[in-house]
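Welcome, and thanks for taking a look at this one with us. Please have the sequence and the 3D view open side by side as you read.

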Amino acid sequence: MKTFFTVALLSLSLLSFQGTAEAAATSSKSKASTTQTRKVKSVVLRKVAAAPLIRAVPTFGQVAGLHDVDDPLDLKSSVAYVLDQNTNEVLFSKNPQAVLPIASITKLMTALVVVESGLSLDEKLTVTDEDIDTEKFTRSRLAVGTTLTRGEMLHLALMASENRAAHALGRHYPGGLSAFVAAMNAKALSLGMADTHYVEPTGLSSRNQSSAKDLAALVNVTSQVPLLRDLSTSREARVALGKRLVQFRSTNGLLSNPLWDIGLQKTGFINEAGKCVVMQARMAGRQLIMVFLDSSGKASRIADAERMRKWLAERPSEATTASAKL
């Protein structure tokens, strides 16, 4: 009898132990499942919280379908124009009549009006709140209160594409900014630039517009002004801003390329215009004017210029008529 009770007691203990172990295992699985579920939820939440995709703003040229026009060099610029400055022979033409925003190419006309005004280049001009960019909210190293000569402002506007410098130049024109913009448009008209219109001196506004043919006419005139040639092709300059000497550099990397002999240049960029560049350069035994507008890609305008240089070197007498009449 005693043996029977002992066996029974052992059986109950084993059953109790198994039940407890199963309960513990179930609890452990439940906890593991809960933990695993939480991890999955956490991953999902992180994915949901990811930053939204920001789509690029199309250029005016992209909206107009100008990039759909084929050309033999497969250029990324929707507008390209190459002219022999001495003979007026068109060597390359792609969408030459298209009227597009020209960004900081505007500063060439700004500089031309300043030089032809006869105003002293030694006169001190001061940057004020009026020169702050309220169009694109771009930054500048010329803080409000900075005082430079008109010549220094002109240098920074052409070489480093300094917007506050260009705006200050226009604001210090006799009659103020409105008179300066009127002078810009009057000069464009006198040069036969019928497709061109300016609303301000920096190029930040997409309402500053022109065509490749018009810009070639502007480059032709400005390249004959020694001061504008020198300032636009300067690679770098140190300018005293208060007690500091600040280094400014050119926005055109081709100036450092020994394969290029550039007499005058200006780059430009705003979202609506894409990447732009105009130049006068000696190439393949010719003095050429080159215009590239609405180029897509970070370094595409420079790459397009290189393609053009190589093409002209290989086929100096050829021309193409890849143009869109708009």
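This is a predicted model: local features need pLDDT of at least 70, side-chain atom pairs count only at pLDDT 80 or more; totals for chains, interfaces and linings use all residues.

The protein has 9 helices and 11 strands, and 46% of its 326 residues count as buried.

**The H3 and H4 helix pair**

- Two packed helices are described by the angle between their axes and the distance between the axes.
- For helix H3 (residues 106-117) and helix H4 (residues 150-159), the axes come within 10 Å and cross at roughly 160°.
- Because angles over 145 degrees count as roughly antiparallel, H3 is roughly antiparallel to H4.
- The crossing in which H3 passes H4 is left-handed.
- On the H3 side, the residues that meet H4 are Lys107, Leu108, Ala111, Val114 and Val115. Their counterparts in H4 are Arg150, Leu154, Ala157 and Leu158.
- Sorted by class, this contact of H3 with H4 has 7 nonpolar and 2 charged residues, with no polar ones.

- Strand E9 (residues 261-270) is mostly covered, with 8 of its 10 residues buried.
- E9 pairs with strand E10 (residues 274-283) in the antiparallel sense, and the pairing runs over 9 bridges.
- The two strands, E9 and E10, form a hairpin, and 3 residues lie between them.

**Ile132 in its loop**

- Where does Ile132 lie? You will find Ile132 in the loop between strand E4 (124-126) and strand E5 (147-149).
- Is Ile132 buried, partly exposed or exposed? Its relative accessibility is 33%, so Ile132 counts as partly exposed.
- Setting aside neighbours within four places in sequence, Ile132 is in contact with Val144 and Arg164.
- Leu142 is 10 residues from Ile132 in sequence, and the C-alpha atoms of Ile132 and Leu142 are 9.6 Å apart in space.

Conventions
Residues are numbered from 1 along each chain as its sequence is written. Side-chain values use heavy atoms; hydrogens and water are left out. Axes are lines fitted to C-alpha atoms, for helices over the stretch in contact, and angles run from 0 to 180 degrees between N-to-C directions. Helices (H or I, at least four residues) and strands (E, at least two) are DSSP runs, numbered from the N terminus. Angles under 35 degrees count as roughly parallel, over 145 as roughly antiparallel, 65 to 115 as roughly perpendicular and the rest as oblique. A crossing is left-handed if the near helix is turned anticlockwise from the far one by less than a right angle, and right-handed if clockwise. Contact means heavy atoms within 4.5 Å. Ala, Val, Leu, Ile, Met, Phe, Trp, Tyr, Cys and Pro count as nonpolar, Asp, Glu, Lys and Arg as charged, and the others, Gly among them, as polar. Buried means under 20% relative accessible area, exposed over 50%, partly exposed in between (1.4 Å probe, protein chains only). Two strands pair if DSSP finds at least two bridges between them.
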